[in-house]
Amino acid sequence: FFAPANKMRLLENVRFNGGSDDLTCLTVQNMAKLIKKCGVLVKNCPGFVGNRMYRCKGREVQQLLLEGAMPAQIDNVCVNKVGDKMGIMQVGDLSG
């Protein structure tokens, strides 16, 4: 689950070499649907998929802040233009 779990739909399911047969993966993906989450099946690698996506967005946000943008402006764009459920600054406030 990604924090805050009550807002974020993404549920990362990690498949690793030597484990997680097809039936197990299917069961986990179906369970994600039951709890109204968007399950993504990924291979084992450094970092969670959500964190890898946020790293790229975070670099851009840092640049915007350095250029004088206000956190509320950034979150407004994330929610109203990009379509995120929460702005990246708000996510950081809630999840640390």
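Gly 68 comes after helix 2, and its phi is positive, near 105°. Helices here are DSSP runs of H or I with at least four residues, strands are runs of E with at least two, and both are numbered from the N terminus. The model is predicted: local features need pLDDT of at least 70, side-chain atom pairs count only at pLDDT 80 or more, and totals for chains, interfaces and linings use all residues. Residues are numbered from 1 along each chain as its sequence is written, and side-chain values use heavy atoms, with hydrogens and water left out.

**Helix 2**

Helix 2 covers residues 49-66, which is 18 residues. From first C-alpha to last it reaches 26 Å, close to the 26 Å expected at 1.5 Å a residue. The expected span is 1.5 Å times one less than the number of residues.

Which residues of helix 2 are buried? They are Val 49, Gly 50, Gly 58 and Val 61. Buried means under 20% relative accessible area, exposed means over 50%, and partly exposed lies in between (1.4 Å probe, protein chains only). The buried residues of helix 2 pack against four elements, listed here. Contact means heavy atoms within 4.5 Å.

| Partner of helix 2 | Residues |
|---|---|
| Strand 1 | residues 10-15 |
| Strand 2 | residues 38-43 |
| Helix 3 | residues 71-82 |
| Helix 4 | residues 88-95 |

**Phe 48**

Phe 48 sits in the loop between strand 2 and helix 2. Its relative accessible area is 47%, so Phe 48 is partly exposed. Leaving out residues up to four places away in sequence, Phe 48 touches Phe 2 and Glu 12. Asp 84 is 36 residues from Phe 48 along the chain, and their C-alpha atoms are separated by 18 Å.

**The whole chain**

The protein chain has 4 helices and 2 strands. From the N terminus on, they run β-α-β-α-α-α. The radius of gyration is 16 Å, well over the 12 Å that the globule rule gives for 96 residues, so the chain is more spread out than a compact globule. That radius is taken over C-alpha atoms, and the rule is 2.2 Å times the number of residues to the power 0.38. Along the principal axes, the C-alpha atoms fill a box of roughly 50 × 25 × 20 Å.

Of the 96 residues, 23% count as buried. Among contacts with a separation of 6 or more, 57% come from residues 24 or more positions apart.
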